[in-house]
Amino acid sequence: MGDDIIAETERKLAALNARLPELEGKAHKKERTALNKEIYALENDEAYIRAKKGALQQERAEAAAQDDEAHARRLREEEEARVKAEEEAEARAKAKAEAEAAAVAEDDGECHIEVTQLKKGDEKTRPARGDYVQCTYTGVFAAGTTHGGKDYSGAQFDSTWDSKLKKHKPLHFQHFGGKAIRGWDEALKNMSLGEKVDVTIGPKWAYRKTGIQDDEGVYIVPPNATLCFQMQLVGVRDTKLQDESLQWGKVG
């Protein structure tokens, strides 16, 4: 009913307003005055005003409902994204745990690294299992590394080199503490402070058949990749030492 009143009134107003330009000048003064009164009466008709107010309230209610629905939809989407992220994180953690378990279970007793010495160390300061060490390195993929139609051969995937500082920022980790790939630990156990080597690590002592993916599922290290590192042992410390004045041995 309200919509009908609004439509009919606004139709009449449009027709009356359309006549006004024709009534310019003194000759049409009385007719123009009467027309303006008629327009005023229509615009201030109580039924028309009530209908307009009702329509405005309805529009506001519909807009508020739409805002509420949009807000609820955003909350649902955020919750779905949170749950998905948690599930993906759990899946990655599970895959990592399975890969680590498989690495132990599938140990074939063979050596999967090749080491070439580039620079001798001090020949006396060697990391023991459980020591904390510092290493600088640059890692590239071995020639012939491909996956999913992409050739990774020779591409650098990681380094301690800081391009802003123009120097290496050593990586700090526990020797055989489970934070480095096995190939690193195996290479380091035969190195002394300051020693620099080229080491090629086969996939069984690197990231095996799982590789490493980022949060978007893109491979940082593809499955079954052989890795080549140039690395240097620049720090060794026995974790049992309590004397804080004992600093890392460093190599320039």
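Modeller: Buried means under 20% relative accessible area, exposed means over 50%, and partly exposed is in between (1.4 Å probe, protein chains only). Keep in mind that this is a predicted model, where local features need pLDDT of at least 70, side-chain atom pairs count only at pLDDT 80 or more, and totals for chains, interfaces and linings use all residues. Residues are numbered from 1 along each chain as its sequence is written, and side-chain values use heavy atoms, with hydrogens and water left out.

Biologist: How many aromatic pairs does a search of the whole structure find?

Modeller: Rings of Phe, Tyr and Trp (its six-membered ring) pair if their centres lie within 6.5 Å; planes under 30 degrees apart are stacked, over 60 edge-to-face, and the rest tilted. Here the search turns up 7 aromatic pairs. One of them joins Tyr-137 and Trp-184 edge-to-face, at 4.7 Å centre to centre with 80 degrees between the planes.

Biologist: Where do Tyr-137 and Trp-184 sit in the chain?

Modeller: Helices (H or I, at least four residues) and strands (E, at least two) are DSSP runs, numbered from the N terminus. Tyr-137 is in strand E2 (residues 132–141) and Trp-184 in helix H4 (residues 182–188), so this pair links distant parts of the chain, 47 residues apart. Trp-184 also pairs edge-to-face with Phe-229, at 5.4 Å centre to centre and 85 degrees between the planes. Phe-229 lies in strand E12 (residues 227–237), so this pair with Trp-184 of helix H4 ties together parts 45 residues apart in sequence. Phe-229 is buried, like Trp-184.

Biologist: Which residues do ring pairs link into a cluster?

Modeller: The cluster holds Tyr-137, Phe-141, Tyr-152, Phe-157, Phe-173, Trp-184 and Phe-229.

Biologist: What about disulfides: how many does the count come to?

Modeller: A disulfide is a covalent bond between the sulfur atoms of two cysteines. The rule asks for a pair of cysteine sulfur atoms within 2.5 Å, and the count comes to 0. Cys-135 is in no disulfide, as the nearest cysteine sulfur, that of Cys-228, is 17 Å away. Cys-135 is buried, with a relative accessible area of 0%. Cys-228 is in no disulfide either, with the nearest cysteine sulfur, that of Cys-111, 14 Å away. Cys-228 is partly exposed, at a relative accessible area of 21%.

Biologist: Where does UniProt place the "coiled-coil region"?

Modeller: UniProt positions use the numbering used here, feature names are shortened, and annotations may be inferred rather than shown by experiment. The unreviewed entry puts that feature at residues 6–33. In this model the span is 68% helix and 0% strand, and its end C-alpha atoms lie 24 Å apart.
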